[in-house]
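Please read the briefing below alongside the sequence and the structure.

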Number of protein chains: 2
Amino acid sequence: MDGASLRERKKQRTREALIDAAFELFSTKGFEATTVDEIAESVEVSSRTFFRYFGSKEDVATSLQLQQFLDVYSALDERPADEPVMTALRRACVQVLRAYEEGGTDATQFACVMELVQKSPAVLSRSLEMCTEQLDELARRVAVRMGVDPVSDPRPKLVAAVSSAALQVAVRAWREDEPDEKVSDLADRAFALLEAGINYPAARA
Amino acid sequence: MDGASLRERKKQRTREALIDAAFELFSTKGFEATTVDEIAESVEVSSRTFFRYFGSKEDVATSLQLQQFLDVYSALDERPADEPVMTALRRACVQVLRAYEEGGTDATQFACVMELVQKSPAVLSRSLEMCTEQLDELARRVAVRMGVDPVSDPRPKLVAAVSSAALQVAVRAWREDEPDEKVSDLADRAFALLEAGINYPAARA
DNA sequence: ACGACATCTGTCATGCACTGACAGATTCGC
DNA sequence: GCGAATCTGTCAGTGCATGACAGATGTCGT
């Protein structure tokens, strides 16, 4: 479990302490109302040190989301190779979301992140930026799955971008319109619509 | 042309002057290297006034992109009502892009914005945020076109988000991999792939 | 166990983005 | 012209973020 050195373990502890303290303050005072100094103080660390662990105040809020991307990558690797890409991506995402929904400790922070993303423009902004950063990696993995070249063939990038967009729509619908549903179900439905094609005809007059 | 009052015209002039000065400085010194003070000074205005016209330094860079969204809305209204949504959206976007490509003055600023978005994380971040803000309006218009309710039916939101994602992929491919192509053509192809469906099977071993 | 070394941390100083408050200037409606 | 509404500059202040340096702490060889 902890094969790392003392120094490594200490770093990991302060990192987690910073995240916990930040979420605690964010959820009580709100994102913009809490200063980096406050976060650092409640862990008894200088604010200078905070910025040695996180590039910005937003980064500490989106660190959990980054982890989710990594989880999706793992889940995607487990899907059978002959599954169509969107279907594989759909199952991988839904599986990861369900794990967080039923995953005890993380579940509350998971919900907290969603709230921050919706209420704080700066967090939304950083979150979207991180998503596009991860799109390259996701596209690369999709390309491998399709057996095509990830730079000359635009399809993997499209699949990655479109999937990410579907997830964002699902999360947003959950927070704004359908709070009673589970995010995993909404995401599942969004992906299902994508698989079926989306060039809908206009309604008949 | 200028049916507005003196005051309104003056405001419009300083606003445009600020945008021009900002792009001039951004393209020579880079985004993060130019300060708001410099932008304001070169228009002979206090930096406090700058923030009365733009909410942030990033906003002045993305103001042009916002205008493009409005242009797409207009173009979409002109498309025949019986055209399938993705097809209509495709033609509307391509038309707007072509107008900018061949549109003299705007063309250089247009390219400058793309460069800023790619090179400056803060601009990318704000740009993405603005896109999601506009997604609501776009989804609403798509819903009207489809003759469905924009809040209970998730399909309009999906169409909007997916289209936006396709555009982002096209722009990015242009700047990174295919600088010789025209953005409008790349976007056209991306939309074509979406219309055809994207649940690609894996390559045969 | 001890010293040489690498790494981590706090302090200090600095720059820049952004905001509220107030006062003076400009424009507008009459 | 004159009062009212609006715009602008100045000032002061907060918060985020970064570089530089010195001291503290962990690491490793002997």
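What percentages of helix and strand does the chain have over residues 12–72 of chain A? Over that stretch the chain is 79% helix and 0% strand, and the end C-alpha atoms are 23 Å apart; helices (H or I, at least four residues) and strands (E, at least two) are DSSP runs, numbered from the N terminus. This is a predicted model, in which local features need pLDDT of at least 70, side-chain atom pairs count only at pLDDT 80 or more, and totals for chains, interfaces and linings use all residues. Residues are numbered from 1 along each chain as its sequence is written, and side-chain values use heavy atoms, with hydrogens and water left out.

**Annotation**
- The UniProt record, an unreviewed entry, annotates residues 12–72 of chain A as "domain: HTH tetR-type"; such annotations may be inferred rather than shown by experiment.

**Between the chains**
- Contact (heavy atoms within 4.5 Å) links 41 residues of chain B with 41 residues of chain A.
- About 3600 Å² is buried between chain B and chain A, and carbon and sulfur atoms give 65% of this area; buried area is the accessible area (1.4 Å probe) that two parts lose on being put together, summed over both.
- On the chain B side, Leu158(B), Asn199(B) and Tyr200(B) lose the most area to chain A, together 17% of what that side buries.

**Salt bridges**
- A salt bridge is a side-chain nitrogen of Lys or Arg within 4 Å of a carboxyl oxygen of Asp or Glu, and the count between chain B and chain A is four.
- Asp136(A) forms a salt bridge with Arg172(B), with the closest N and O atoms 2.6 Å apart.

How values were computed. Chains are lettered from A and ligands numbered from 1 in the order in which they are written.
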